Amino acid sequence: MNFPGRRIACAWAAAMAAGSAVSMVAAQSIQIPGEPQQKPVAIINATIHPVSSAPIENGFVLFKDGVITGVGAGAFVYSGPEQIEVIDAKGQHLYPGLISADTTIGLSEIGAVRATNDVRETGQVTPEVRAAVAVNPDSALIPVARANGILTVMTVPQGGVVSGYCSIIRMDGWTTEELTINDRAGLVIRWPNVRPRTAWWIQESEEEQLRQARERLDQIESLFRDAAAYLQARKADADLPVDLRLESMAPAMSGFAPVYIHASDSAEIESAVAWANRWRVKPIIVGGAELGRSIDLLKAHDVPVIIVGTHRMPSRRDAAYDEPFTLPERLRQAGVRFCIASGEEPAHERNLPYHAAKAVAYGLPADEGLRAITLSAAEIMGVGDTLGSIEVGKVATLMLTTGNPLEITSDVIAAWVDGSPVDLDNKQKALDRKYRHRYGQP
Amino acid sequence: MSRFARLAMLFCTLAALARPALAQPDEPANGPPPHVPRIHALINARIIVAPGEVIEKGTIVIRDGVIDYVGAGGDMPPEARLWDLSGKTVHAGFIDLSVPVKAPAALPDSPGLHWNSHVRAQFNATDAAPLDKGTIDALHKIGFTAVQIVPDRGIFRGAAATIALGEAGTDPIVHQPIGPQVIQFETAGWNSDEYPGSLIGAVALVRQTLIDAEWYRHCVEMYRLNPMHIEAPAPADALFALRFVVRQRQQPVLFNTESELDLFRAARLSEEFDLNLMVRGSGDEYLRLGDVLETNLPIILPINFPKAPKIEAIEDADSIDLRTMMQWEQAPTNPRRLIQGGATVALTTDLLRSRDKFLENLRQAIKEGLTEDQALAALTTTPARMLLLDKLMGRIEQGAIAHLAVIEGTGELFGEDRTVTELWVNGDRIEMKAEAAVDPLGTWAVDLGGAMASKVNVLITGKKESPEVQLQIGEDKTKAKAVSWRVERLSFVLPGHLFARSGWEQYSAIIEGGSMRGVTRTASGEEINWTATRQAPETDGQADNQPEAAEPEAAAGQQAAEPPAGEANEADQTKQEPEKDEYEKAPEAYPTPLGAFGLLEPQPRPAAVLVRDATVWTSAEAGILENTDVLVRDGQIAQIGRNLAAPADAVVIDAAGKHLTAGLIDCHSHTGIDRGSINEGTQAITAEVRIQDAINPDDIDWYWQLAGGLTTVNQLHGSANPIGGQNSVVKIRWGQGAERFRFEGAKPGIKFALGENVKQANWGDNYTSRYPQSRMGVESLIRSAFLAARDYIDAWDRYNSGAATKARAYPPRRDLELEALAEILKGERLVHCHSYRQDEILMLIRVADGFGFRIGTFQHVLEGYKVASEIAAHGAGASCFSDWWAYKFEVYDAIPHDGAIMHNAGVVVSFNSDSDELARRMNTEAAKAVRYGGLDPAEALKFVTINPAIQLAIDDRVGSIEVGKDADFVIWSGSPLDTFTRCEQTWIDGRPMFTLETDAQLREVAHSERQRLIQKVLRKNLKNPEKTKDKGDKDAQEGKEPAPEGEPGDDDPPRRSILAEIMRQRDMRGYDPNTSRPGECGCGWHAIEGDQR
């Protein structure tokens, strides 16, 4: 084969070289963000998994200035003017980067250490806060997740009733601004638990629980009412003073940003969907562990679901042991749009693909399993036009693997975010090298 | 009953003394002293002498409190006062063996007080607050004449006592002042500072106290025989009081159980300490009926049947699990099953929310097949026998105490209309229902002698004792003021303007049957006489009598489920089909564990099983064998090879294309531990507590874990303290009892813990005083514990060898905590140590080296890779998470390569779950050692098979597929390391504990049973709509000990326990709160810390 570029890079060797420069164990990530893409890159001889279409054996992908410009099968011939970098990925697999649709990565470093947590603001109603501004670009958790192909995430504020805006983050960059894809990707609402529970650890009476639920519902309702009035007033008279909280409601209330409603069982979902329709906002259900009867409703209103984890216990004692495993397939069969998030602590976000794998083991077609953590996630998050699949025109956020990323034993050999090569080294690999050295282990 | 006969004479003689005739002299009388003869003859009564022995018309003569004659004869002593009981039935007064009495919160301080406030064996129930009137009246109303009062507080609560149930306010006659010692596994929860905070701690405290009592008895005896050369034993009131408990079963023990699992715990203690045991049951005995019957324990049985669950709304029904519904259905069969199964059962009103429910529940038990005679025996002869007072109580016979109950009628004893008219307690009559008591309730039409045009009515509503009065003129009603109802005389005040007069007018009336004769005094002092006649039918005395609410059409419209009797139209015919008496009995068979996925029978063990043509991961030297057969015989692996011949009786499984591995083993679990009893965190060292005391075989998590291929589990104590409790190794023998779960012969172990949890680093600002607060202190504490253990060994060695000095030295006190530590030093107990940082791992290795023992496993050991060579040199195993990190500061350096690095350094490594959920997929956890450590797949699988078996010293039995090992194996749809693989079958001891086929059947059964029971509950609830509404759902919480009537309940303000708080927080975050999660290890304090602000 004849390549004008003529430089066949072994990506993993580059990664190793970068990694060996790391000589100390740092409390935070010291990986250097990738340079903006300088010249076109062609990955050839790989099995391409576009997700949006069938896999291409022995295919190639070309990307330039961070955008995919060519996808094809067979021999790769480049006729452009500039020098290009060609990567021979024979025996390897190219996938779009994995997308985590519900995490707190960047907002929380060590769960038990309060000082390292920026996941929740005080108060029940805080639509003014945005996750993106508090993401720590040097969190040691980011390179660990990245090393398993998690290249885009939705990081989500927690707590309260209206938690704030979740943000779409690319997993490589120098500053929060470089990391941010969309800082107001959606307004996060935690739907009150409208079905009273009884358990020994619950001391509130059913009446009290219902009263609290009612109170939270009222908080949501009055926020929307106040915001509607406020936004109308501001439209009429732009000189009225700004109310930061109500002003922040504009993207969600105009339908520009969806509302991510965290709700678990059908009673909550039914009430949430009815509410969303009334306010004409775009609901996305997050959680849905017990969504059971509400499937038809979700289908009827085309409300997508972000399934939070398949590595869960069944929701009730009488449920089938595999209830969490089969949920994705049940949604698929019912025609409800869904994607799969992990629901794990941010440090364990790397295990996202295995949640999808569990669904595949229990009936979800394998290509749907992959789609649930790539293209489906991108579509639900509103970035389906740029992310989630390998198609011409989409951004080159890609990973090269030894095999199916849904298999634990597959490794990620190289990755690109917007065409920039990602350093796949991390703190854990450095510690691994350090202590293998102590024992003389290879 | 030989077990009772063995009671010491002490108790019998005390009982015999309890005769009022022999009471001490009275205070000198003020005036002529009364000499009312106490000689009575009850004549013309139907007499139930004892269950099954009836005199249709007979006489009972009572003389000075004792039954002098019973029979059909007519020779009345002329001096007797006659009581004609024609049309009535007399039976022996009932005996309730468990009536709680309020003990003081703290015993008075004294030198002999036990260090632990739960140990108050010296307390006597007779010193508790007397029973209040409400309790006594409620018991009388049922027909009880004698009760055993039991102190309501403590673990060793003190001695019960049997008293005659005289009228409230009188001094009770005591039949038995020192009855059984009452014990209950009382705990205050995790947030209590006092030991024990858990079930396992409570069991340990009971054991240690009984040991101490025997030791103390021995020492006192030694000193009594010869006080020379030895110090007098220090006073120890509780231990002294227990001397008859530990000595040849002289004093019985009454164990209050909170579940059938508690009953087995009590039975094991009874075996260990040779106790003369009876239990107060929980109502759950039927859940493991066979095992309960096998204990042969006498049971004082509550009939606190659960209320029908609230399921009318679909989502409410969804929230109720099948187990709860089955409990509702089956609990009423409990008395019948126990009694007809041969158990000695006395019924009690204990644990009922209201004693008014007793007869109602008893009737339900009778509908479920308990016979009237059995019920009567369980209330009379059996409790009398259990008290060893069967010559004195329980039967109506000559010489017995005159404890009698007289009921209306001669029909059923426990019918709906059962009314106790009088009781005889100790030969004294207590009138229960005043004959012809006047009932003022109703509508009374007033005859004013034609003075008024409109109709005038007096409406009397509310309670009979404190009625409300309204005067109705035409449609107008006026509420009367100052209503008072004194015996047969009603008075009230109304304004005069009702009759066009002025001022207030006073009314007074007497009632004579259906007529009322009254007088009204006007403001001017004029008196107007009037009469009234009762209009509405007489009320039956129910609380809510609404005379005006007689709108039949409304009632019929609203209550379709209960159409007015007699005039149902034809369309309604089907709806009212289940008549009141058509009681729907509970099915005879029910699964174990109760609820979904329980089994009617334990899984059978085929004589032989042949698995054909599988890819066999042996986890042994043979490695992975393709196309291989495995033959199982009698629960063990008999042969491995190709083309094995199938024995004639073999179950053959075609496993072509499938993979077979050994059953997976989890070296760190907190699954199936009863009542959240994972930590005894109140003390820094709790080596005496044992997880084996709290195994819960019914936890559904077990079944779900079987479905992931898990077969053997190391149940560990949590990590709240440096030296925690003893572990329990179990096989998941689903459907069987806790004892059958235990891995017989597994080497004992114990949990240690280091680092942040034990120094309470993440518990919040209030936890800064318990030693240790630093890793420095952790080392010192452990070192000092082992020094104490070494001294303990020495003390016993000296005592056992020094025959010469033994006579003049007290024996060392057996100490369960030091005993466990001593076993570690002797190499008889494995230490499983929760650890993270390299410094603390090395620290413990050096401590162990110094004391000459080897650590069994380091658990979590997430920085083990930093000291892998030291761990290997020491010889400890390492059981870690595959890839967890960064959930707290000490795991910030954790790496997923940990396991592989340690393995390569020569350490035996396993991956564990520490999580109910992770335990369902240990196979793919093993795959992470391939991914991050580059291990060979067969080697990686060993991390969850043979390696944990080696670590638990059970590798001779399980962990690999080798001939001679237990047939614990899993059949997988593909490679066990593949994320797309499913577990298809899990076998334990050659029994199929989980298969996809059985699972499908169990789901089907669960579904149809749910629907059947939902319908049954609906029929029940809709038939009685008022009843489900009345008190709200707090009633439905069965099993909680209610406060006795008339008492305010707990003194202590309710505190939300830390555990409850953790659960709530998890629930709010959408986790299953019951699920323990990795790293929390029962110590998720940090979760609160983060969430509370």
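Which residue is the bridge partner of A:Tyr165 in strand 10 of chain A? The partner is A:Leu187. The model is predicted: local features need pLDDT of at least 70, side-chain atom pairs count only at pLDDT 80 or more, and totals for chains, interfaces and linings use all residues. Residues are numbered from 1 along each chain as its sequence is written, while chains are lettered from A and ligands numbered from 1 in the order in which they are written.

**Chain A overall**

- Chain A holds 13 helices and 17 strands; helices (H or I, at least four residues) and strands (E, at least two) are DSSP runs, numbered from the N terminus.
- The radius of gyration of chain A is 23 Å, which agrees with the value near 22 Å that a compact globule of 442 residues would have. The radius is taken over C-alpha atoms, and the globule rule is 2.2 Å times the number of residues to the power 0.38.
- The C-alpha trace of chain A spans about 75 × 60 × 45 Å along its principal axes.
- Of the 442 residues of chain A, 55% are buried. A residue is buried if 20 or more other C-beta atoms lie within 10 Å of its own, exposed if 12 or fewer, and partly exposed in between, with C-beta atoms placed from the backbone.
- Of the contacts in chain A between residues at least 6 apart in sequence, 70% join residues at least 24 apart. Two residues are in contact if their C-beta atoms, placed from the backbone, lie within 7 Å.

**Domains of chain A**

- The domain assignment, which is automatic or from a database, gives domain 1 (7–96 + 424–439) and domain 2 (98–387) in chain A.
- The contact between these domains takes 15 residues from domain 1 of chain A and 15 residues from domain 2 of chain A.
- The side of domain 1 of chain A that touches domain 2 of chain A has 5 nonpolar, 8 polar and 2 charged residues. Ala, Val, Leu, Ile, Met, Phe, Trp, Tyr, Cys and Pro count as nonpolar, Asp, Glu, Lys and Arg as charged, and the others, Gly among them, as polar.
- The C-alpha centres of the two domains of chain A lie 31 Å apart.

**Strand 10 of chain A**

- In strand 10 (residues 180–190) of chain A, 9 of the 11 residues are buried.
- Strand 9 (residues 162–170) of chain A pairs with strand 10 of chain A in the antiparallel sense over 6 bridges; strands pair if DSSP finds at least two bridges between them.
- Strand 11 (residues 259–265) of chain A pairs with strand 10 of chain A in the parallel sense over 4 bridges, and A:His262 in strand 11 stands opposite A:Arg190.

**Chain B**

- Helix 3 (residues 133–142) of chain B has as its buried residues B:Thr135, B:Ile136, B:Ala138, B:Leu139 and B:His140. Their cover includes strand 6 (94–101) and strand 7 (144–151) of chain B.
- An open sheet of mixed pairing in chain B has 6 strands in the order 35-37-38-39-40-41. Strand 35 (723–726) and strand 41 (909–911) of chain B each have a single partner strand, so one side of each is left without a neighbour in the sheet.
- Within chain B, strand 39 (residues 857–860) and strand 40 (residues 877–880) run parallel and are joined by 3 bridges, and B:Phe858 has B:Ala878 as its bridge partner.

**Contact between the chains**

- The contact takes 58 residues from chain B and 46 residues from chain A.
- On the side of chain B that touches chain A, helix 24 (residues 922–933) of chain B gives the largest share, 5 residues.
- By class, that side of chain B has 26 nonpolar, 13 polar and 19 charged residues.
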